[in-house]
Amino acid sequence: PCLTRLCSPIAEKTGKVLGEFCRCYKEQYGVALFNSVRYEIEGNGGPQAQLLHRKVPLEDHVIYSGNLFQYIEENKKWRNRFSVVPHNYGLVLYENKLAYERDLPPRVLVNSAGYKILTSVDQYLELVNSSLPGVTPKSGHSPILKCPTDFPLILWHPYARHYYFCVMTGKEQEKWRAVFQDCVRHCNNGISEDSKVEAPAFTDAVRMYRQSKEQYGTWDMLCGNETQVLSNLVMEELLPELRTTIGPRLKGKAQERQRTWIQISDAVYRMVYEQTKAQYDAAMAKCEQERPQMESTIRTDMDQIITSKEHLASKIRAFVLPKAEVCVRNHVQPYISSILEALMTPTSQGFAEVREVFFKEVTDMNMNIVNEGGLEKLVEYMEKLSHLAFHPVKMQSCYEKMDQLKLEGLQQRFDVSSTSVFKQRAQIHMRQQMDDAVYTFETLLHQELGKLQGKDDLCKSIQRILERVLKKYDYDSSTVRKKFFREALLQITIPFLLKKLAPTCKGELAKFQELIFEDFASFILVENTYEEVVLQSVMKDIMQAVKEAAVQRKHNLYRDSMVMHNSDPNLHLLGEGIPIDWGEEYSGQPEAEPAADKRRRAKQVVSVIQDDEGVLPYKVDAEALLQPGSPEPRETEDPDPGAPPSSPDGVEEIREALAKESLGDADDPSGARMPQAVPASPVPRADVPSEARVLHATSASPAPGAETPSPSAGMACHQSSDKETGEEVAPPGGECSPPQPADTTESGEGVQTEF
């Protein structure tokens with residue numbers, strides 16, 4: 001089908017949805033601005049955090065880099081790609097490692113917000129079959145995708161382009177899966193919490209818009225930055241209409257129709273994204289332009305606005321509260337303790353694991369210093385420890401505790417579409433608490449170094465600082481968890497209550513509008529005040545449930561009455577200083593190195609996997625990778641004699657390439673090893689905790705003192721920008737046309753930029 005005829009209806013539908021949303025956003029912007037100014041004046045902050053917070057945690061670092069095989073849809077071939085995950089968690093794919101080191105443009109840039117990581121082709125086919133009802137390949141027919149190994153990694157999105165990767169071993173698959181999940185977790189959390197006006201205005205506007213469409217409860221696609229979220233909002237309404245219009249007109253075999261539908265969905269998503277970005281940016285700019293005048297009015301009339309709002313709230317409370325309290329008593333109160341217990345068990349286990357991993361890493365470091373001694377070893381270990389929170393593999397044992405979270409019958413009762421929202425939120429808190437603990441530890445240790453004499457003093461000091469930091473961690477993690485439990489309970493129960501009360505209350509709210517002075521109408525909304533009243537009806541029960549849970553020792557929570565006094569009054573001043581660079585400060589190498597060398601030797605958080613597994617357990621011909629009925633891949637152009645060698649196609653070539661790569665590592669100028677398909681000698685790894693050791697190819701138990709030269713020494717830090725995470729998206733060509741297979745070859749594939 002030709003999308004040209006549908007361009008105008010798509011743009012019209014997108015404009016309509018965005019128009020309604022922007023009206024909601026403008027209303028919520030005034031409310032959020034008032035709340036922000038009021039909070040600034042009145043304060044009412046919670047308990048002061050005991051741990052320090054790092055401002056720029058991953059500057060000049062990459063999370064991970066290594067080789068992946070990517071399936072190129074345009075020519076139906078698998079290509080070896082050198083893949084880099086920079087500090088902003090975008091996935092960047094290069095032709096090969098040499099192209100990366102030479103700073104050549106990448107082949108692919110992926111922002112993974114909204115994606116799911118699949119490790120099974122069957123999982124993927126199930127999702128693809130459900131995306132286009134009535135189109136399922138017959139039994140015995142070849143599926144839409146074949147993988148040359150048993151270890152696929154597929155990035156699936158309900159609207160955008162899919163990405164297909166594979167690796168040679170299960171160990172590599174597990175490691176890459178942890179890295180990809182970290183990318184998704186980070187990119188999903190794309191709305192900055194530092195924005196005290198725009199962020200709450202946006203999220204409240206999304207919620208109000210969806211509630212106006214009778215959609216209550218959690219929403220899985222509240223993922224990414226504002227433009228991505230709005231694009232998802234539009235696609236949620238647009239895609240069913242397109243499926244009805246276009247689906248029956250798709251031609252060809254089932255696999256071809258599925259493939260065409262995925263391409264159409266991606267093309268529409270890009271069109272929607274471009275229009276959304278322009279329209280939302282214009283709405284936000286208009287609000288920013290009006291902000292100074294609005295803020296001046298708020299500061300001048302703050303007392304009158306508060307009085308007017310309290311008067312409105314009292315009238316709404318008298319009307320709504322009796323109904324809300326009955327609803328809470330009958331439908332919510334009996335289930336609060338069950339919901340809370342379901343949340344608390346995996347969350348508390350995850351935070352306990354964070355504490356254990358931190359304790360183990362510092363203790364191992366201290367033991368290694370006792371055995372090996374010297375400031376040089378301390379510097380080496382502190383450089384690794386400083387980014388422990390951003391090591392996907394080492395943190396995996398913490399994150400996976402949240403996989404136990406199941407609300408079972410409660411999920412359906414309270415219209416919770418998925419628990420992934422709560423899982424990811426808890427995991428982000430875990431990562432932040434780990435980094436706060438590590439940063440506090442290294443700040444205190446750095447302060448002590450000048451006063452220490454000898455190895456014994458150093459080890460005693462490390463142990464003493466560790467104990468201090470663990471006490472601070474216990475207090476802060478308790479505060480964070482209690483806040484998380486309260487927010488999660490509200491996020492589950494409030495939409496349920498609003499939906500229950502809507503038939504009897506929502507239609508009557510219009511009569512309260514006359515109670516708001518016209519001058520204050522931008523800062524006081526009847527619907528927001530109504531929701532605050534509903535929140536108050538259940539808040540007491542939620543606070544009481546969390547308070548009672550704090551008494552149970554099994555969850556390791558502090559009582560609300562426990563206030564930890566600041567035992568380090570100058571600690572927060574230390575945290576405002578220049579970030580510590582252990583390598584530069586203590587390496588004794590003041591000479592500036594060339595940019596190219598610095599790029600190759602940029603610090604890497606995760607070491608490249610050392611694979612000791614053999615070749616594939618079975619053989620697949622290169623021809624089997626081609627899709628039935630699809631054209632043969634185009635012949636590539638004559639290779640440039642000076643260009644890097646091309647990537648292999650079939651499994652046999654993949655094997656040969658990996659074997660050559662492993663034999664040629666000695667000639668690699670950077671000294672970094674790629675994944676090998678030939679057995680490697682077991683090398684003890686000190687930077688891998690026991691929980692994550694299964695992801696490494698070594699079978700020997702780790703000997704913390706026997707560290708091999710870090711492969712990360714050869715990895716470069718790609719100079720990242722917003723473009724790396726796909727926030728700057730190439731326009732779809734200016735005209736609307738059906739997605740066509742690009743006239744691409746191995747050397748002319750082009751950059752596919754994801755949002």
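This is a predicted model: local features need pLDDT of at least 70, side-chain atom pairs count only at pLDDT 80 or more; totals for chains, interfaces and linings use all residues.

Student: How many helices and strands does the protein chain have, and what share of its residues is buried?

Tutor: Let's start with the secondary structure, which comes to 18 helices and nine strands. The chain has 755 residues, and the buried ones make up 52%.

Student: Which residues have the most contacts inside the largest nonpolar core?

Tutor: That core has 165 residues. Its largest share, 25 residues, is supplied by helix α8, residues 302-372. Another core, of 17 residues, lies apart from it and includes V121 and Y164. Back in the largest core, the residues with the most contacts are F21, F358, M365 and F441.

Student: What does M365 touch, leaving out residues up to four places away in sequence?

Tutor: F441 is one of its contacts, and F441 is also among the residues with the most contacts inside the largest core.

Student: How many residues of helix α10 are buried, and what covers them?

Tutor: Helix α10 spans residues 392-399 and is mostly covered. The cover includes β1 (61-72), α4 (170-188), α8 and α12 (420-448). Among the buried residues are K394 and Q396, and the count for the helix is eight of eight.

Student: K394 carries a charge, so which residue does K394 pair with in a salt bridge?

Tutor: K394 is buried, because its relative accessible area is 6%, under the 20% cut-off. The closest N and O atoms are 3.4 Å apart, and the partner is E361.

Student: How far is E226 from the nearest side chain of opposite charge?

Tutor: E226 lies in helix α6, residues 226-246, and is buried yet has no salt bridge. Leaving aside neighbours within four places in sequence, E226 is in contact with I191, F202 and Y280. The nearest side chain of opposite charge belongs to K277, at a distance of 8.7 Å.

Student: Why is C287 not in a disulfide, and how many disulfides are there?

Tutor: A disulfide is a covalent bond between the sulfur atoms of two cysteines. The closest cysteine sulfur to that of C287 is in C22, 8.4 Å away, so the two are too far apart for a bond. C505 is in no disulfide either, with the sulfur of C327 the nearest at 9.2 Å. The count of disulfides is zero.

Student: Last one: is C505 buried or exposed?

Tutor: C505 has a relative accessible area of 0%. Buried means under 20%, so C505 is buried.

How values were computed. Residues are numbered from 1 along each chain as its sequence is written. Side-chain values use heavy atoms; hydrogens and water are left out. A disulfide is a pair of cysteine sulfur atoms within 2.5 Å. Buried means under 20% relative accessible area, exposed over 50%, partly exposed in between (1.4 Å probe, protein chains only). Helices (H or I, at least four residues) and strands (E, at least two) are DSSP runs, numbered from the N terminus. Lys and Arg count as positive and Asp and Glu as negative; His and the chain ends are not counted. A salt bridge is a side-chain nitrogen of Lys or Arg within 4 Å of a carboxyl oxygen of Asp or Glu. Contact means heavy atoms within 4.5 Å. A nonpolar core is a set of buried Ala, Val, Leu, Ile, Met, Phe, Trp, Tyr and Cys residues joined through side-chain atoms within 4.5 Å.
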